[in-house]
Amino acid sequence: MSDVFKPGLYAGKNVFVTGGSSGINLRIAEAFGEMGAKVAINGRKVEKLEAAVAQLRARGITAEGYPADVRDYAAVEGAIEAAVKAFGGPIDVLVCGAAGNFPAPVAMMSSNGFKAVMDIDVLGSFNACRAVFERMSKPGGVIIAISAPQAQVPYPMQAHVCAAKAGVDMLMKTLAMEWGPVGVRVMSIWPGPIDDTEGMQRLAGDPDVKAKVEKALPLQRFGTKDEVAQLALFLASPAAKYITGSVHNVDGGMSLIGGNLLSM
Ligand code: COA
């Protein structure tokens, strides 16, 4: 069997994570760092970003933080360029993690609210991918988008997220076709309900709602950030070197049970 998974798997690799100041994305950055990578994280709020970088460094990880709104191409490009300079080499793994979410039915959502999520998720992912392309290891680069089951399962109160995540997945699949020939693999991950995240706090913060959601899930519990990070570590590794253009759910079976789950 593969001898891929051992300490130092990502030594010498440079990882850039958008929306990396907290939650699933921060855990992903940390997990790559624990396996030896240098990690750059980006976020909108400077204080939150600095705290996250301090947390990574306290664990002995080489980490940098670059404030930028992923909706602003020049800012994202500047952040990625700064990481390349700081680390002295191209980006090996880009994680497009920045995402927006709030629960709202369409009849109570403004055009600007819909646009905010579309722009953060779809345009933001495009911007990061576009900016990284000239600054990525080729061959060998890997791009992972943190998408969601909403990309394929329609959920009431999530029209903006459903539209955005479907867009993100199609962007990733198209990039997998365009950039496969130069050795860049591109994939999506669908986390389901994950404990201790801002997204789940917004969608299922009430303990009664959480209990109902857990009961409905095939695996009967929320997932952990670590369970998502482990999938990212696998997908970016040589063990996954024939995988591209694919979507990988780590969702406790959430995507199997239909869209009324979150309208509870
Ligand atoms: N319900 C309805 N509309 C909302 C809303 C809510 N809970 N939260 C924000 N909006 C609307 C705003 O009213 C505004 O529309 P308007 O100008 O017509 O009033 C629009 O969204 C943009 O809000 P604003 O605060 O100006 O922009 P923003 O760029 O900060 O984006 C979020 C707002 C909510 C999209 C963004 O801050 C966000 O998603 N944060 C949470 C991140 C998160 O949880 N990520 C995990 C994803 S699973």
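I count two strands as paired if DSSP finds at least two bridges between them. With that settled, I opened this predicted model and began with the sheet.

**Entry: the sheet.** I looked up S2 and S3 and found parallel pairing over five bridges, with S2 spanning residues 38-43. Across this pair, Asn42 faces Tyr66 of S3. Stepping back, I traced an open sheet of seven strands, paired in parallel and ordered S3-S2-S1-S4-S5-S6-S7. S3 (63-67) and S7 (247-250) are its edge strands, each pairing on one side only. From one strand to the next, I get an average twist of 20°.

**Entry: helices on the sheet.** Next I checked H1 (residues 23-34), which packs on the sheet and touches S1, S2, S4, S5 and S6. The direction of H1 makes about 165° with that of S2. H3 (residues 73-87) lies across S1, S2 and S3, and I noted about 160° between H3 and S3.

Entry: The side chain of Ser110 places an N or O atom 2.6 Å from a ligand oxygen. For the side chain of Arg44, I read 3.2 Å between an N or O atom and an oxygen of the ligand. Ala99 uses a backbone N or O atom, 3.2 Å from a ligand nitrogen. Finally, I noted that the ligand taken alone exposes 930 Å², of which the protein buries 57%.

How values were computed. Residues are numbered from 1 along each chain as its sequence is written. This is a predicted model: local features need pLDDT of at least 70, side-chain atom pairs count only at pLDDT 80 or more; totals for chains, interfaces and linings use all residues. Side-chain values use heavy atoms; hydrogens and water are left out. A polar contact is a pair of N or O atoms within 3.5 Å; within protein, one must be able to donate a hydrogen and the other to accept it, and residues adjacent in sequence count only if both atoms are side-chain atoms. Accessible areas come from the Shrake-Rupley method with a 1.4 Å probe; for residues, only the protein chains shown count as cover. Helices (H or I, at least four residues) and strands (E, at least two) are DSSP runs, numbered from the N terminus. Axes are lines fitted to C-alpha atoms, for helices over the stretch in contact, and angles run from 0 to 180 degrees between N-to-C directions. Contact means heavy atoms within 4.5 Å.
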